[in-house]
Amino acid sequence: MKGAAKKVLQAARELPELERVDLVEELLADLDGSDEEVDAAWAVEIDRRTREIDEGKVKPVSWATVRRRIAR
């Protein structure tokens, strides 16, 4: 990685976590292009998962807990 990219990376690392996530998603979207069928399928999946949480069928797990589990 050279010059400008290193500067951008350093600036990105200084952002709050959620803003870094948004930035990564935007960059990946630029690489992947847009697929309306995939976007629609994800919207359905997000709705399903949200409904399961709202109905108490699924208990959310914090990112810290997920990281600990992965590290094991």
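A helix, as I use the word here, is a DSSP run of H or I at least four residues long, numbered from the N terminus. I keep in mind throughout that this is a predicted model.

Entry 1, helix α3. I looked up E45 and R48, and found that both lie in helix α3, three residues apart, which is about one turn of the helix. The two form a salt bridge whose closest N and O atoms are 2.4 Å apart. R48 also pairs with E52, with 2.8 Å between the closest N and O atoms, and these two residues of α3 are four residues apart, again about one turn. I noted E45 as partly exposed because its relative accessibility is 22%; E52, at 24%, counts as partly exposed, and so does R48, at 32%.

I checked the length of the helix: its 19 residues, 36–54, should span 27 Å at 1.5 Å a residue, and the end C-alpha atoms are 27 Å apart, which agrees. After α3 comes G56, which has a positive phi near 80 degrees.

Salt bridges with shared partners join E45, R48, R49 and E52 into one network.

I found a nonpolar surface patch of about 310 Å², made by V24, L28 and L31; V24 lies in helix α2, residues 17–32, and is partly exposed at 46% relative accessible area. A negative surface patch is formed by E19, D22, E25, E26 and D30, of which E26 is found in α2 and is exposed, with a relative accessible area of 54%.

Conventions: Residues are numbered from 1 along each chain as its sequence is written. This is a predicted model: local features need pLDDT of at least 70, side-chain atom pairs count only at pLDDT 80 or more; totals for chains, interfaces and linings use all residues. Side-chain values use heavy atoms; hydrogens and water are left out. Patches are made of residues with over 30% relative accessible area and no salt bridge: like charges are joined within 9 Å, nonpolar side chains (Val, Leu, Ile, Met, Phe, Trp, Tyr) within 5 Å. Accessible areas come from the Shrake-Rupley method with a 1.4 Å probe; for residues, only the protein chains shown count as cover. A salt bridge is a side-chain nitrogen of Lys or Arg within 4 Å of a carboxyl oxygen of Asp or Glu. Buried means under 20% relative accessible area, exposed over 50%, partly exposed in between (1.4 Å probe, protein chains only). The expected span of a helix is 1.5 Å times one less than its number of residues. Lys and Arg count as positive and Asp and Glu as negative; His and the chain ends are not counted. The place of a charge is taken as NZ of Lys, CZ of Arg, CG of Asp or CD of Glu.
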